[in-house]
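I opened the model to look up how its parts are arranged, and I kept these notes as I went.

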Amino acid sequence: MYGLPGRITYIIPLEGRQMSVNHIRTCESVYKEVSIGEFICESGERLPEVTLAYEQSGNQNAPLLLICHALTGNQYTVGTEEEPGWWRGLFGKEGIVPEEEFQTVTFNVLGGCHGSTGPASVNPENGEVYRLDFPSITIRDIVRAQKRALEVLGFTHIHAVLGGSLGGMQVYEWGLMYPDAMDKLFILASTPALSDYGIAFNHIGAEAIKRDPRWDNGNYQSNEDLDGFELARMTGMITYRSRSLFHQRFNRRQNEESYHIQSYLDHQGKKIKKRFDANSYLYLLEAMNHHDITRNRGSMEDTVQQYRADIYTMSFEKDLVYPKESMEEFSLLTPHAVHFHIDTEFGHDGFLVEFDKWGEFIRYHLRV
Ligand SMILES: CC(=O)SCCNC(=O)CCNC(=O)[C@H](O)C(C)(C)COP(=O)(O)OP(=O)(O)OC[C@H]1O[C@@H](n2cnc3c(N)ncnc32)[C@H](O)[C@@H]1OP(=O)(O)O
Ligand SMILES: N[C@@H](CCO)C(=O)O
C-alpha cells in the first residue's frame, strides 16, 4: 500500500442531457437509486429522506473505483455508446482502464439535479419542492452521504476514489474522513482549499443568477427564463479553458452577427439551462467555496498526516483556478503522495479530455 517512489513530480511533454430529477437510464451500465434515509447536514439542518442516484459499470466482481463528478457533472461517467459519459474513454468499453479489471460506481452528488436529493426535489414532509429551503451542504456532507450509500449497497472496501475539480475536493475529503476505507486517491485539477481567486469567480457566477429578477429568490418557473444562469456559465467557461485554446479555436473569426468566441459562449450559456438546475448550481458553488481540508482539523501539516491511502495528484497546465503549484505543494507535504503535471492547452477542463495524455498514468497506478 505504501510502495510509492517518493515525492516526485512527473512532467510530460505537450503534444470534450437534459436535467431530469429521478431519471434512470437502463443500458450497458446499471442506473439505480439508493435511499440512505434521514440525513443531518454539517450545518445541523435535517433532510428527512435522502436518495442518491448512481451509475454502476464494469466488472461487478472486481475492485471498486468510486468516481466523484465535477460541478455540472453527473453520475453518467461511462454512459452508453449513444450517450457517452464524461469519462468514457478512460473507463468503459475500449477505455484505457480495462472494464473487466474494475467496477466503477458514481453517485450524483447530494444537492445535485440528476436524480439525487437536491433543491429541485420534493420535501416528503410537506410535498413542496425544497428550492432555497434545502439546507446548506458541504463537501463533507456530500462524501458522508456517499459513504452511507456504499454501506447500504454492501460495499466494504474501495480500491480507489477518483475525481476532478469539485470531484477532486470530494476525494481530498474521502481520504481524511475515512482514511482506511480505500487504498488509493486520485485527485485531478483540484486544490486542498478553494482559493480566493476561485471564490471570486464563483461569486460572479452566483451573483449573476441571484440578480436576475426572474430567479425570484429561487422560485423561478424554469431555468430557461434565467439569463443570469447563462452569464454564470459563460464566466465559468473562461476559467475552465485557456487564452491559447480560445486563440487556436477562434482567432478573432467572426460572422455578420458576432465573433465566434461570443457565439461559443452564448451557446454554452444556453446549453447549461437545459441540463442543470440553477438552484443546485448555487448550492454546489457554496459547497466549493467552503472547501478547505484544514477546516476544524488544525494546520495543513497536521491535517495531511491523517491520510493513509496512496495519493496521486494531477494538475493541468493553464488551469487558472487550480494551479500546479498548489497541488504540488500539497503533494510534497503529504506522505505517500505523487504529483503528475499535464501539459495541455485545455487548462482546467484538461481532466475531461485528452485521456491519452494521462489515462495510462491512472491505469498503471490503479494496478500497482
Ligand atoms: C467531470 C464532470 O463531471 S464535468 C461533466 C462533463 N461536462 C459535461 O459533460 C458538460 C460540459 N462539457 C464540457 O465541459 C465539454 O463539452 C468537454 C470538456 C466535455 C469537451 O469540450 P470540447 O470538446 O472542447 O467541446 P466544447 O464543449 O468546448 O464545445 C463544443 C460545443 O460548442 C459549440 N460551438 C463551437 N464553436 C462554436 C461557435 N463558434 N459558436 C457557437 N457554438 C459553437 C459546438 O457546436 C458544440 O456544441 P454542442 O456541445 O451543443 O454539440
Ligand atoms: N467542465 C466542468 C468544469 C468544472 O470542473 C464542469 O462543467 O463541471
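I worked on a predicted model, in which local features need pLDDT of at least 70 and side-chain atom pairs count only at pLDDT 80 or more, whereas totals for chains, interfaces and linings use all residues. Residues are numbered from 1 along each chain as its sequence is written, and chains are lettered from A and ligands numbered from 1 in the order in which they are written.

**Domains.** I looked up the domain assignment, whose bounds come from an automatic or database source, and found domain 1 at 9-193 + 292-367 and domain 2 at 197-287. Their centres, taken over C-alpha atoms, are 23 Å apart. I noted 28 residues of domain 1 in contact with 24 residues of domain 2 (C-beta atoms, placed from the backbone, within 7 Å).

**Helix H3.** I then asked which residues of H3 are buried. They are Phe-201, Asn-202, Gly-205, Ala-208 and Ile-209, where buried means that 20 or more other C-beta atoms, placed from the backbone, lie within 10 Å of a residue's own, and exposed means 12 or fewer. The buried residues pack against helix H4 (227-240) and helix H7 (278-289).

**Ligand 2.** I listed the residues surrounding ligand 2 (C-beta atom, placed from the backbone, within 6 Å), among them Ser-165, Tyr-240 and Asp-349.

Methods
Contact = placed C-beta atoms within 7 Å. Helix = DSSP H or I, 4+ residues; strand = E, 2+ residues; numbered from the N terminus.
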